[in-house]
Amino acid sequence: MQKAQPYEPLWQYVAGNDAQSVTLSFSEIERVLGFPINHAFLNSKKDLHAYGWLCRNISMKENLITFLRLPEHATVVQKAGFSVIGKEGSTDEGEGFIQRLWQEANSQFDTVAQLAKKDGDENLCGIWGLMTDFSRSYKPWTEHFTRGLYLAGVECIDNAIAPEGWTRWTVPTFEYLAVECWTENIFSTTIAFMKENKLPLAGSVHDFTEPKTGKAFMLFPMRRK
C-alpha cells in the first residue's frame, strides 16, 4: 500500500492556480491541509516539482511561503557529483569551436567507449557539454556568458583516467532547473525567467543529452549541495 502524502492537498491547490506565482500564509496553508505546517514540509517540498512548481521562498518572519510555476518543459533535479571524459576547448578558439569539439569527440569515441558509464540496460548514462569559467570552479561563463571553457564528452565511470588527448572534469553536486530543448533560445529565455523570479544561477550551465530517449536539455544550477 502506497504511503499517504500529507502535503498532497497543498500541491494540488498550488498547481490549480493560473498565476505565475502564489504566496500563501501559514494560516492559509493550514486551512488547505487541515493541520499546521511543520518541519516535514522541508523534506516534502520537492514533491511539488512533479506538478510543475517549486517552493521559491519561505519567510519565517512573515509566515509566508511563495510558490513559483516552472517554465514549460522544465523540472527540478538534483544530480550527484559526476565525471565526464571529453574534448576540451575555449571560447578563445573562436566561433564554431564547440561544433569542432563535438566532431572530434564523436569521431574518436571508440577511444573512451570502455570508460563510459552505463545504466542497468547498458545505455550510456549521459552525453554532456559541460561549461565552466576560466577558473575551472564551475562558475558561469563571464562577460555576458561569452567567455569560458567547454567539454564535449560522455559521463564516465568513477576513477576513470582520461587517455592522451582527452580531458576529465568532475562536477560537484548541484540542484538544477532542467529545461528540455523543445524550442529555440532556451538559454536566454531561462536566464531571463530566473532573473525575473530572483532564482540564483549558482554555477555554469550544462548541455545534456539523454542517450536512451535522444532528448536534449539545458541544466541551470540553482544550488550547490
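What covers the buried residues of helix 1? In this predicted model, the elements that do so include strand 1, helix 2, helix 3 (40-44), strand 2 and strand 3. Helix 1 itself spans residues 8-15, and Leu10, Trp11 and Val14 are buried in it. Seen down the axis of helix 1, these buried residues fall within an arc of 100°, so they line one face of the helix.

**The sheet**

Strands of a sheet pair through backbone hydrogen bonds, either parallel or antiparallel. Here three strands form an open sheet in the order 1-3-2, with antiparallel pairing. Strand 1 (21-25) and strand 2 (53-59) stand at the edges with a single partner strand each, so one side of each is left without a neighbour in the sheet. On average, and with direction ignored, neighbouring strands of this sheet are turned by 20° against each other.

Strand 2 and strand 3, the latter made of residues 64-69, run antiparallel and are joined by six bridges; within strand 3, Thr66 is the bridge partner of Asn57. The hairpin of strand 2 and strand 3 has four residues between the strands, and in this hairpin Asn63 takes a positive phi near 60°.

Helix 2, which covers residues 26-33, lies across strand 1, strand 2 and strand 3, and it runs at about 90° to strand 1.

**The cysteines**

A disulfide is a covalent bond between the sulfur atoms of two cysteines. A search of the whole structure finds zero disulfides. Cys181 is accordingly in no disulfide, and the nearest cysteine sulfur, which belongs to Cys125, is 20 Å away. The table sets out the relative accessibility of two cysteines, Cys55 and Cys181.

| Residue | Relative accessible area | Class |
|---|---|---|
| Cys55 | 15% | buried |
| Cys181 | 36% | partly exposed |

Since buried means under 20% relative accessible area, Cys55 counts as buried at 15%, whereas Cys181, with a relative accessible area of 36%, is partly exposed.

Definitions and conventions
Residues numbered from 1 in each chain as written. Predicted model: local features only at pLDDT ≥ 70, side-chain atom pairs only at ≥ 80, totals over all residues. Heavy atoms only, no water. Pairing = 2+ DSSP bridges. Helix = DSSP H or I, 4+ residues; strand = E, 2+ residues; numbered from the N terminus. Axes fitted to C-alpha atoms, helices over the stretch in contact; angles between N-to-C directions. Contact = heavy atoms within 4.5 Å. Disulfide = S-S within 2.5 Å. Buried < 20%, exposed > 50% of the residue type's maximum accessible area, 1.4 Å probe, protein only. Arc of directions from axis to C-beta.
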